[in-house]
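Thanks for making the time this morning. I would like to walk you through one model, going from the contact between its chains to a few individual residues.

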Amino acid sequence: MTAITPTASSPSLLARARAWLRDSQIPPVYGILVIIFIAAILLDAVFGIDDQLFIFNQTILTNILVRSVALGIVAVGQTFVMLGASIDLSVAYMISVTAVGASYLMAGDPGRVWWTVLVLFGVGLLVGLVNGLLVGRLKINALIATLGIGLILRGLLNATFENFAGSVPASFQSFAYDTIGPLPISVLVLFLVVLAGWFVLRRTKYGAHLYAVGGSEEVARLSGLRTGRVLVVAHMICSATAVLTGLFVVSRLRAGAPWVGTDGLYDLESIAATVIGGTALSGGKGGVWGTLAGVLIFSILDTMFNQIGIDAYMKQILRGAIIILAVGFYTFRSRAEQG
Amino acid sequence: MTQITANTAIEESLGARAWRWVRAVNPVYLIALALLVWVGIRNPVFFQPDNFLTFLQRATPLMILTAGQVFVLVSGGFDLSVGSVVTSTVIIGAILANNDPNATWWVILALLLGGFIVGLVNGAVTTFLKVPSLIATLGMLLIAKGIGLFWSGGAPRGYLPDNFRMWGRGGIEGLFGLQDFPYAVIVLVVFGVGYWLLLHRLNYGRQLLALGDNPRAARLSGVNVNLVRISAFVICSMTAVVAGVLLGGRGGVSIEAGTGLEMQSIAAAVLGGTMLLGGRGSIPAAMTGALALELLFTLLNLMGLPKPLRDAVQGLIIIGAVAYTAYSTRRTR
C-alpha cells in the first residue's frame, strides 16, 4: 500500500504516520477522542476545582469507564439499527420498562433473578420484533414507528407504576459494583458487547447483509436478500441491548422508576454517540468501535465538566454544541447534499 | 390509466365509486372527521360555537407548530428543537417581562429574534457544516433548553403580564355575537392561510419542494438551495416562538411547556401525508393532522382514560394511521 503512494519514495515521519493511520482502519473519531482527552487534562489543570489531575486519580478514570457502560451497551444496539438505515427511539422506554420490571419481579429475592432476566429479554426481543416488523415489513418510517412503540411502552408503564417499585437483591448489584482485579465487571460486559457487535458485523454473513441493506435496500433486495428480515433482527438486537442497559441501570440504582430511561436521554444520546462515532444516519457505513469512542467522548466530557465545576444547565448547552461540532468535524468536508 | 378507470367507472356500483372516492381523499381528513363526529357524540355541547372555539384555541399551538415543521420536513430535514424553543420562549419571556405590561411588546420581539437566531444556526449548521439536521437540531434541543434553564436557574421565575398572556387565553368579546372570540384562533387562521400561500402558491414553496425532492436538480435549475433551506429552519423556529407565546399565555410559566412537542409536530405532519426526507407535504393536511391529534387527546380525555394510557393509545393511533398512509400511498404509486 505504501508503495503506491507517491510520497513513499522518501516519506517523512508525519506522512508515514498518516498513511499508517489511513490504512489501519481506525475510525477517525478516535482522533477527536484523543483531542478531547488532552483538552480535558489541560482544562482540568487550569480550572480544576481540586489539586489533583483526574488522569492520576484511578477512581475517576474507572468512573469514566463505568459512566460509559449504560450508554455504551445500548449505543451498540443503536449502531446495528442505524447501519440498516433505521433508527430506534423506543430504547429509553425499553430501559425504563426493564429497570422497573427487574426490581418489581425480583422483589429482593435472589432466587428470582434468573427467570426475571429471561422474561425481560423475552419482552425486549418481542418489542424489537414489533419495531422490526413495523419498519421492515409495513415500511413505516422508523422514526414514527419506534416513537409510537415508545409511547405505548411509556403509557403502559406509567399506568402501572408511579414510583420506585420493589428492589433487586444485593447479589444482583454485583453486576454494577463488583470488580475483577482493578476492572469493574460492568466495564468488562461493555467490552464484550462491543466485541460481540464487532464480530457479528464484520465476521458473519448477517453483518454483511446488514451493511448491504443499509447501503441500498433496493440493491440488497434485488440481489436476493430478505431485507425485511435483516431489519427485524437488527431491531431485536437493539432492544436486547436496551434490556441489558436497563439491567445495569437497575443494578446500580437498586430499584427502577418509570423515568430512569427517559431522564437518562438514552434515545437521543445513543443516536448522537453513534453518529459521532462515524455511523452514517443514512446507513451502511460505520461500526461499533466508532460508537464506543463516541460514548467515551461523552463520559470524558461529563467528568471534565464535573472536575471544573460547571453548572448543570451550562453542561447541557456545551453538550449540545459539542454534539454538533463533533459531527460537523468530519461532515463539513463531504460534498454530498444533506437533508 | 385514466382511460381504464373512466370506462369501468360507468359499470361500478355506487358503493364502489364512493369507496374509490374515499380512497382518493387524503386519509387525514377522514380520520379528523371521524374523530370530530366521535367527540361530538360523546359530548354533544362540543359543537356549540364557544366550546368549539375554546377547543381550537387549545389546538392552535400544535397546529401552527406543525405547519412550521412542514417547511423543514418538505425541505428534507427535521427540526427536533421546536419543543425546547417553546419551553425557552415561555421561561425567558417570563424573566424578561417580569409582569411589566409595558415590556410585553419588546419581549415578544426579542423572543422572535431569538427564534430567528436558533433557526439561522440550525440552517447554517445543516447547510455549511453538512451536519444531518436530525443531529444538528438534536444538539439545538439541548442548547435551547439549556439556555432557558441556565438563565432561570432551573425553576420557573418571573411572571407573564396579562397582555402577554391574552394571546393564548384571551379573546375579543362580542365578535360575531360570541362570548369571546379567541385571539389564538385569529393567529391560527392568519398562519394557516399565510403558510398555505407561501408553500402552495408562491415560487418559494415550489423551490422548497424541489429542494426536498432532489437537492441537486434544484440547485442545477437555479434554486438558491442554501438560502431556501436555511429560511425553512428560520420559519420553523420562529413559528415555535409564536406557539410558545400562545402556550405560555394559556398554561403559564412551566419548564415542561414544550416537552414532547417536537415529536408530536412531526407525527402530526406525517399523519397529514407529509413525506419524511422531503419533497411532498401539504399545509392544510398537516394542520388537520395536528387537529386530529388534539381531537384524539380530547376524546381520550372524555373517555376518562388516565393520562398514561392516553399516551399508549396515542402511540397506537399514530402507528396505525401512518401505516395506513404508507399503505395507501404505495398503492396509488
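Predicted model: local features only at pLDDT ≥ 70, side-chain atom pairs only at ≥ 80, totals over all residues.

Let me turn to what the interface does contain. On the chain B side there are 49 residues in contact with 46 residues of chain A. The size of an interface is often given as the accessible area lost when the parts come together. Here chain B and chain A bury about 3900 Å² between them, and 79% of that area is on carbon and sulfur atoms. Within chain B, the residues that lose the most area to chain A are B:Lys130, B:Leu142 and B:Ile319, which together account for 17% of what that side buries.

As for the helices involved, α6, α7 (133-152), α11 (215-220), α13 (261-271) and α15 (307-332) of chain B each supply at least two residues of the side that touches chain A. The largest share of that side comes from α7(B), with 15 residues.

Because its relative accessibility is 8%, A:Leu147 counts as buried. Leaving aside neighbours within four places in sequence, A:Leu147 is in contact with A:Leu89 and A:Ala142, and also with B:Met263 from the other chain. The C-alpha atoms of A:Leu147 and A:Ile87 are separated by 9.8 Å, although the two residues lie 60 residues apart along the chain.

A second residue of chain A is A:Ser96, in helix α4 (residues 91-106). Is A:Ser96 buried or exposed? With a relative accessible area of 1%, A:Ser96 is buried, and, not counting residues up to four places away in sequence, its contacts are A:Leu157, A:Pro258, A:Trp259, A:Val260, A:Gly261 and A:Thr262.

Finally, back to chain B and its surface, where B:Leu113, B:Phe116, B:Ile117, B:Leu120 and B:Val121 form a nonpolar patch with about 410 Å² of accessible area together. One of these residues, B:Phe116, is found in helix α6 (residues 104-128) of chain B, and, since its relative accessibility is 33%, B:Phe116 counts as partly exposed.

How values were computed:
Residues numbered from 1 in each chain as written. Chains lettered and ligands numbered in written order. Heavy atoms only, no water. Patch = residues over 30% accessible without salt bridge, like charges linked within 9 Å, V, L, I, M, F, W, Y side chains within 5 Å. Areas by Shrake-Rupley, 256 points an atom, 1.4 Å probe, with all protein chains shown as cover. Salt bridge = Lys/Arg side-chain N within 4 Å of Asp/Glu carboxyl O. Helix = DSSP H or I, 4+ residues; strand = E, 2+ residues; numbered from the N terminus. Buried < 20%, exposed > 50% of the residue type's maximum accessible area, 1.4 Å probe, protein only. Contact = heavy atoms within 4.5 Å. Buried area = accessible area lost by both parts, 1.4 Å probe.
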